[in-house]
Amino acid sequence: MRKMARDDPSTALAVAINGGYRAFGRYSTKMRLEACTCGCVTADDHARLHSRPLRELTADDIETYASKAMTTWGDEDDFRHFLPRILELVTGDPGDEICNEIALSKLSYAGWRGWPQREQDAVESVLWERWRVGLTLAPSEFAADAWLCGVSIAGVDTARYVDAWRNCMTDTAFDHLAAFIGSNHKLMTSGTLSNAFYFDQGIRVAAPLREWLGTAMADDAFQEQLAAAYERTWS
């Protein structure tokens, strides 16, 4: 079997995910979490959340909790218990059962920037390595737009993510760029992004993207690669 390079994105992501389980391993949860009494959290939801060990929970098991954590279901410590599995299951796939933006917005709601540094580092590592892996995948397998938005509303500076994108000259990175520009028609004209989850953060996230593209579009080789990506992505 070929030994994978230490800087291989998939290997680094696996290491980051395992690090998340270690960082949050001290948190346990109750067999029945406190929940809103309006009926939006059902007995079946409770049962699925505790139907198997944490690392074996499926996206279907945890999807409802990921969208309702802390606002209508459970507290911050419950969230920290389930967070490693949520981060593992939120892959950026456009077909994800767990919504990237909603799941990652829960980090801000939980005030994760006030958590111990080890926990913050674990979260940042998974988010970052998922991005690096995502840029190696096709847009049908990873939604760069949704991931960048989710990371932003989690409270992470996305400039580093844009830098990584700018320095990645692979076909898949250009495919993601073509898909991103195609979905954000006002990026270059008004510096705004289309994803509604950004709320008032879209302009800030768009700024480094707009600066990058404004400069890169003057390069003939860049334009050729982007044109080829448009053909692959939108044809």
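1. Helices here are DSSP runs of H or I with at least four residues, strands are runs of E with at least two, and both are numbered from the N terminus. This is a predicted model, in which local features need pLDDT of at least 70 and side-chain atom pairs count only at pLDDT 80 or more, while totals for chains, interfaces and linings use all residues. Residues are numbered from 1 along each chain as its sequence is written, and side-chain values use heavy atoms, with hydrogens and water left out.

2. On a 1 Å grid over the protein atoms alone, a cavity is a set of points where a 1.4 Å probe fits but cannot get out; a pocket is an open set with protein on both sides within 12 Å along at least five of seven lines; lining residues have an atom within 4 Å of a point. Grid points are joined across faces, edges and corners, and a volume is the space filled by probe spheres set on the points.

3. The largest pocket has a volume of about 150 Å³. Its lining consists of P139, F142, A143, A144, D145, H176, A179, F180, S183, T233 and W234. At least two of the lining residues come from each of α7, α9 and α12 (220–234), and α9 gives the most, with 4 residues. By class, the lining of this pocket has 7 nonpolar, 3 polar and 1 charged residues. In this count Ala, Val, Leu, Ile, Met, Phe, Trp, Tyr, Cys and Pro are nonpolar, Asp, Glu, Lys and Arg are charged, and the others, Gly among them, are polar.

4. The whole structure holds 2 cavities of 30 Å³ or more. The largest cavity contains about 40 Å³ of space and is lined by W165, R166, C168, M169, A173, F174, L177, W212 and F222. Two or more of these residues come from each of α8 (159–166) and α9 (171–183), and the largest share, 3 residues, is from α9. The lining divides into 8 nonpolar, no polar and 1 charged residues.

5. The second largest cavity contains about 30 Å³ of space. Around it stand I17, G20, Y21, P84, L87, E88 and V126. Helices α1 (9–23) and α4 (76–89) each give at least two residues to this lining, which has 5 nonpolar, 1 polar and 1 charged residues.

6. How do α6 and α7 lie relative to each other, roughly parallel or roughly antiparallel? The axes of α6 (residues 117–134) and α7 (residues 144–154) come within 11 Å and cross at roughly 165°. Axes are lines fitted to C-alpha atoms, for helices over the stretch in contact, and angles run from 0 to 180 degrees between N-to-C directions. The two helices are therefore roughly antiparallel; angles over 145 degrees count as such, under 35 as roughly parallel, 65 to 115 as roughly perpendicular and the rest as oblique.

7. The crossing of α6 and α7 is left-handed, meaning that the near helix is turned anticlockwise from the far one by less than a right angle; clockwise would be right-handed. L127, R130 and W131 in α6 meet A144, W147, L148 and V151 in α7, where contact means heavy atoms within 4.5 Å. The contact has 6 nonpolar, no polar and 1 charged residues.

8. Helix α6 also packs with α8, at an angle of about 25° and with the axes 11 Å apart. That makes α6 roughly parallel to α8. Their crossing is right-handed. The contact joins E124, L127, W128 and W131 of α6 to R160, Y161, A164 and W165 of α8, and the residues divide into 6 nonpolar, no polar and 2 charged.
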